Amino acid sequence: MPAVSPIGYAAEKRSVRESLMRRNMRSDERAPFESLFFRGGFDHPLGEGEAGSLLRPLQMVRWSPSATNKQPWRLVVDGSKVHFYEHRTRGYARESTGDIQKVDMGIAACHFQIAAQEAGLPGGFLKEDPGLRAPEDTDYVTTYATSAGTPLL
């Protein structure tokens with residue numbers, strides 16, 4: 001079973017076991033903004049102050065849940081498009097479960113799209129690999145293209 005999704009309502013107070021697990025997995029910590037998001041290519045980290053109307057959608061990606069909090073997503077803003085890449089963690093892709101980080105990528109993409117639409121940036125996903133030189137263990141997944149086609153930054 002590659003994924004489990006909880007349903008219901010969160011308890012008002014976390015158990016000691018849950019609190020310890022969350023602390024050990026660093027579930028409430030996130031990678032720095034500049035290590036996840038880029039402008040034009042992977043050589044140009046994108047700072048929060050430069051994100052403009054994309055700030056909220058990018059923050060929603062940054063805070064998306066991921067398996068053992070690995071945050072495998074790397075996004076490159078390129079004109080009117082945002083390219084999604086998976087930075088693979090060694091040992092996660094197994095024959096029995098597949099690449100569980102692809103599930104994380106889908107969750108992050110969903111968070112991005114909802115937040116982008118709420119920010120007045122409607123668009124959709126397409127498969128259009130821009131051919132950017134990506135770091136080792138980093139592969140293209142999908143592209144979010146805005147409907148208006150105007151530059152995002």
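1. Two strands are taken to pair if DSSP finds at least two bridges between them. Helices (H or I, at least four residues) and strands (E, at least two) are DSSP runs, numbered from the N terminus. On that basis V77 has V82 as its bridge partner in β3.

2. The structure is a predicted model, in which local features need pLDDT of at least 70 and side-chain atom pairs count only at pLDDT 80 or more, whereas totals for chains, interfaces and linings use all residues. Residues are numbered from 1 along each chain as its sequence is written, and side-chain values use heavy atoms, with hydrogens and water left out.

3. Five strands form an open sheet with mixed pairing, in the order β1-β2-β3-β7-β6. Axes here are lines fitted to C-alpha atoms, for helices over the stretch in contact, and angles run from 0 to 180 degrees between N-to-C directions.

4. Strand β2 (residues 73-78) pairs with strand β3 (residues 81-87) in the antiparallel sense, over six bridges. Within this pair, L75 stands opposite F84 in β3. The hairpin of β2 and β3 has two residues between the strands, and G79 there takes a positive phi near 65 degrees.

5. β3 and β7 also run antiparallel and are joined by seven bridges. H87 stands opposite T138 in β7. β3 is mostly covered, since five of its seven residues are buried (under 20% relative accessible area; exposed is over 50% and partly exposed in between, with a 1.4 Å probe and protein chains only).

6. Which residues does E86 contact beyond its neighbours within four places in sequence? With contact meaning heavy atoms within 4.5 Å, they are P72, D99, Q101, K102, M105, D137, T138, D139 and V141. E86 lies in strand β3 and is buried, with a relative accessible area of 0%.

7. Two helices lie across the sheet strands named here. Helix α3 (residues 55-62) lies across β1 and β2 and runs at about 165 degrees to β2. Helix α4 (residues 100-118) lies across β2, β3, β6 and β7 (138-146), at about 160 degrees to β3.

8. Two packed helices are described by the angle between their axes and the distance between the axes. The axes of α3 and α4 come within 8 Å and cross at roughly 155 degrees. That makes α3 roughly antiparallel to α4, where angles under 35 degrees count as roughly parallel, over 145 as roughly antiparallel, 65 to 115 as roughly perpendicular and the rest as oblique.

9. At this contact, R56, P57, L58, M60 and V61 in α3 meet A108, H111, F112, A115 and A116 in α4. By class, the contact of α3 with α4 has eight nonpolar, one polar and one charged residues. Ala, Val, Leu, Ile, Met, Phe, Trp, Tyr, Cys and Pro count as nonpolar, Asp, Glu, Lys and Arg as charged, and the others, Gly among them, as polar.

10. A134 lies in the loop between β6 and β7 and counts as partly exposed, at 29% relative accessibility. Leaving aside neighbours within four places in sequence, A134 is in contact with F42 and Y85. The C-alpha atoms of A134 and G79 are separated by 18 Å, these residues being 55 apart along the chain.
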